[in-house]
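The following note sets out some points on the model shown below.

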Amino acid sequence: MSQTFDVVVIGGGPGGYIAAIRAAQLGFKVACIDEWKNAAGGPAPGGTCTNVGCIPSKALLQSSEHFDHANHHFADHGITATNVKIDIAKMIGRKDTVVKQNNDGILYLFKKNKISFFHGRGSFAKAVEAGYEIQVTGAKEELLTARQIIVATGSNARALPGTPFDEETVLSNDGALRLGAVPKKMVLIGSGVIGLEMGSVWRRLGSDVTILEGLPTFLGAVDEQIAKEAKKAFDKQGLKIELGVKVGEIKTTKKGVSVAYTNAKGEAQSLDADKLIVSIGRVPNTIGLNAEAVGLQLDERGAIVVDAECRTNLKGVWAVGDVVRGPMLAHKAEEEGVAVAERIAGQHGHVNFNTIPWVIYTSPEIAWVGETEQQLKARGAAYKAGTFPFLANGRARALGDTTGMVKFLADAVSDEILGVHIVGPQASELIAEAVVAMEFKASAEDIARICHAHPSLSEATKEAALAVDKRTLNF
């Protein structure tokens with residue numbers, strides 16, 4: 001016997017659970033289906049972000065940063081710490097606790113908002129007069145019917161052709177987050193967000209880390225000036241990054257893994273390591289969705305085809321997050337989830353892709369919103385640029401972290417902010433001011449004339465905004 005709902009959400013990650021909650025708040029009878037399991041086999045909603053992505057990686061980054069500070073920076077503050085050790089099992093255990101707290105928090109929110117949760121895999125069964133039948137396959141088989149369906153099934157790690165993940169030697173982000181010991185040598189393929197963050201974690205803990213990147217430039221999506229500043233910092237830390245490489249044969253052995261590659265000069269090279277992390281991007285997760293049963297349109301990448309408002313080719317079927325076009329970011333999925341729930345309710349949900357912030361949680365952190373300088377040049381835009389280094393910021397000096405800068409890009413005529421780019425301490429928090437400013441079409445002068453607390457890192461954003469017009473207060 002089928003259970004009937006107004007809205008069924010397939011997937012309980014950031015896009016899915018947020019969409020379910022907003023739909024319930026708007027008065028709909030809502031069900032959410034999610035198949036993630038914890039170690040005990042119980043439900044673990046939150047998707048990649050909560051289970052093997054954003055949340056656990058930040059937990060490990062925090063732990064490894066504490067260890068690095070104790071070993072290399074406490075002495076600067078007059079603190080003596082000798083024979084500092086890391087208990088990897090306890091560190092991983094803390095990470096698992098953080099993940100479980102988030103899983104449980106989502107289940108609590110489902111209960112609070114009277115959302116029916118089904119633990120299992122959701123797939124299309126067929127189209128019916130009342131909308132669509134959705135099959136739930138899990139410990140208990142269920143059949144759900146709803147007129148409105150939101151697909152939020154996320155993405156999966158992309159494997160190298162011919163080199164599948166075994167999560168023991170060849171690791172995705174999943175395996176990289178649950179290593180039981182510090183590898184003596186580690187190789188990462190891909191210098192994107194996952195590669196840099198995981199490389200940073202295990203380097204701080206003592207691993208000899210080399211990152212192999214196929215592109216000739218470092219962080220090509222980042223403003224070039226900011227990327228160069230970040231690269232200098234990573235080089236100084238001992239994170240080895242080789243650009244312009246072509247990866248060849250990969251062999252796994254009892255001792256680890258061997259990676260053959262050609263460097264940027266065309267020279268044949270080989271690296272032996274204990275562990276290999278492959279971070280070459282992610283692919284939309286539509287496997288098992290049974291899209292063909294209802295004629296749901298997918299593109300050549302396997303992503304669900306949607307319009308600007310996340311509508312699919314089927315009436316009443318929507319899709320959000322990593323499984324559709326656009327950046328694979330948790331907060332982008334959340335914004336789309338809210339917008340779709342509101343559109344179903346006849347409201348005007350909105351997502352501004354131009355003001356979605358990006359963050360890489362390394363040390364230094366890298367964050368940006370809007371266009372890069374190279375993008376502005378490519379489209380022939382008339383713009384002004386202003387930068388300010390954290391080296392000249394009093395709070396950064398007090399923190400003992402003066403790496404990096406803030407960069408503002410503004411329209412040459414109107415002074416409207418076109419992009420803000422930060423590399424340095426707490427960039428992930430500082431970028432929010434720029435997002436708000438750009439949403440309200442603020443000018444660089446608006447930021448420059450707003451009172452910022454002293455001393456604070458945010459003064460660097462004020463100074464960078466001032467620098468757009470070649471001015472400075474230089475706190």
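Which residue follows H4 with a positive phi? Lys114 does, with phi near 60°.

1. This is a predicted model, in which local features need pLDDT of at least 70, side-chain atom pairs count only at pLDDT 80 or more, and totals for chains, interfaces and linings use all residues. Residues are numbered from 1 along each chain as its sequence is written, and side-chain values use heavy atoms, with hydrogens and water left out.

2. Helix H4 covers residues 88-112; helices (H or I, at least four residues) and strands (E, at least two) are DSSP runs, numbered from the N terminus. Its 25 residues should span 36 Å at 1.5 Å a residue, and the end C-alpha atoms are 36 Å apart, which agrees. The expected span is 1.5 Å times one less than the number of residues.

3. Buried residues (under 20% relative accessible area, 1.4 Å probe, protein chains only) of H4 include Ile92, Val99, Ile106 and Phe110. The buried residues of H4 pack against H1, E2, H2, H3, E3 and H6, contact meaning heavy atoms within 4.5 Å.

4. Five strands form an open sheet with parallel pairing, in the order E7-E14-E8-E9-E10; two strands pair if DSSP finds at least two bridges between them. E7 (170-171) and E10 (240-242) are the edge strands, each pairing on one side only. E7 and E14 pair over two bridges, and Leu171 has Ile277 as its bridge partner in E14.

Conventions
Buried means under 20% relative accessible area, exposed over 50%, partly exposed in between (1.4 Å probe, protein chains only).
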